[in-house]
Amino acid sequence: ALENPQNLPSLPVPTLKETLLKFLTTAQPHLNEEEFRRTRSLVDKFIQPGSDGETLQKLLEARGKLKSNWLAEWWLKTAYLGYRDPVVVWSSPGIVFPERKFTSQRDRLAFAAKVITASLKFKEEIDNNQIPIEKFGKNELDMQQYRKIFGTCRIPGREIDTIEFNPASKHIAVIHRGNIFKVPVYGGSNQEEILSEEELIQQLEECTKEDKNPFPVGILTSDNRNNWGKAHDFLLADPKNRASLGETQSALFVLCLDDAVPRPAEYKTVTSHQVITGGGSHQNTGNRWYDKTVQFIVGEDGLNGLTYEHTPAEGGPIAVLTDQILKYVDSGKTPIQSRVGIYEKPTLLTFNISEDVKKCISEAAKNIDALSRNLDMDFLHFKEFGKGFIKSQKISPDSFIQIALQYTFYRLHGVPGAHYESAHTRLFVHGRTETIRSCSNDSIAFAKSMMESGSDEDRVKKLLAAINAHKDYTMQAMQGKGVDRHLLGLKLTAQENNIKVPELFSDAGYIKSSHMRLSTSQVASKYEAYMCYGPLVDNGYGCCYNPREDDMLFGISAFNSCPETSSKKFSMTLKESLIDMYKILSATGRGIKSKL
């Protein structure tokens, strides 16, 4: 029962035919006639009785009967623990919080103490099952990700990582100028009482007295996982290091007290870099522990937000945590807390740095500096309208925004862009995500109609068709009936059973439609906060958005190394696309007065 406390259904294995027909439709926009013919014949072959497809499908269905979620272990391994690129940029998102004005160091630590208090109160609610169960319609969603936010850490390996859970920890890790401290946050005779905010401020003051650490071990966590796995082995050889690693990895979460950074651009763009990369070795990357699920960042210049490691949870629960924290901080309540009185003081966690580890640190610094320089971030605060207007048109705000992103990409590149949007599959036990393939024949027909001469009536008709196609795909994905996870399951089934991976997986249809040049998701917050992350592919974009009632926030990324992409151009074009879509809806008199 513990494995499935809410008694949720198991993730279904869709039929081969429904997945493959859907796959064919989503591959079509990316293929010429010759390629499409070839893909179609491979699909026909794959779904024939007696084919490899049928064999793999039967094996996958058998796995589906044995496990409560046939994908969960595989997904953890292929998407996260076995993935060897750095978690920085390639996996871990950041959330930008609204800017703060600190008048003094104490002011900053008082804010940080509130962040700690709000987080520990949220943890208490999770532990006591007080978080309201989220629902989709009448159906409950799996709430298990909430239990994995605090005390969780990814542990590097030379070939594959592991994950550790320490939800009963009583301390956090605080990093200041590359020095890591173990900071107890509970006290009292039974170590169960959260320290008062005044006591937390005093604990944090203890952590700000050391000089800059010339060998910040935390920077190793930003490197390629095999490199970090090797360095981790070097560190483990020393008993003192082993103890310091253990205390860092078992902390409930990390608080990074960052140095101020130059601000060549507006607050939000600079902060996007800080919550994703830390800005490189000369800024704050050494002030991180990227393996921890949650790291709060509080810069001395008022820059703040969080970074999260994606292995145990999606953005949803982390966004709920964000809203809880901002609500608590902004309520302005000075909590009347009695001092706990009995608690341990912080300890500086020290490391013996061997020559091998020094080499790994300088290598990691070189690698993160290159990666950090390559990341091109932008922020769009779209103030012309928000989801209130979109809903007044009886249109799904998410589908509207997704089609705007499709249109923007087509305007910039003149070709369809394969487009990933994450849908959750939390209707099922251990559910994580499925891909919504937002690029469709309909989305391209709409984009073309906007760029060719024609009537607004016709454009609106095509817009609504594209929106409905997206909405329909979303519903199917949430019910576990997308394309990507099922195909991955079939491919992994072949690999595990020593069956040759079918030709379909090396065909242009599969390769082009899974080269996701747009990686997108909606992470909503009531506050002027938003999530951001790097692109999935070298010539792609990342775009995460927070649609609020009257405005929308977009965190946009690309890579400087790709001459044809630019986050700035994308955000300027996206703004135009949203306004164009508003105008055609107005012009066709869909019950609104144009204010643009």
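**Entry 1: terms and model.** I began by noting that two strands pair if DSSP finds at least two bridges between them. I took helices (H or I, at least four residues) and strands (E, at least two) as DSSP runs, numbered from the N terminus. The model is predicted, so I noted that local features need pLDDT of at least 70 and side-chain atom pairs count only at pLDDT 80 or more, while totals for chains, interfaces and linings use all residues. Residues are numbered from 1 along each chain as its sequence is written, and side-chain values use heavy atoms, with hydrogens and water left out.

**Entry 2: the sheet.** I looked up the strand order and found 8 strands in an open sheet, β13-β7-β6-β10-β11-β12-β1-β18, with mixed pairing. At the edges I found β13 (347–349) and β18 (530–532), each of which pairs on one side only. Neighbouring strands of this sheet are turned by 25° against each other on average, direction ignored; the axes are lines fitted to C-alpha atoms.

**Entry 3: β7 and β13.** I then examined strand β7 (residues 179–184), which is joined to β13 by 3 bridges, and the two run antiparallel. Within β13, T347 is the residue opposite K182.

**Entry 4: cysteines.** I searched for disulfides (a pair of cysteine sulfur atoms within 2.5 Å) and the count was 0. C543 counts as buried at 0% relative accessibility, and C544 is buried at 1%.

Technical notes
Axes are lines fitted to C-alpha atoms, for helices over the stretch in contact, and angles run from 0 to 180 degrees between N-to-C directions. Buried means under 20% relative accessible area, exposed over 50%, partly exposed in between (1.4 Å probe, protein chains only).
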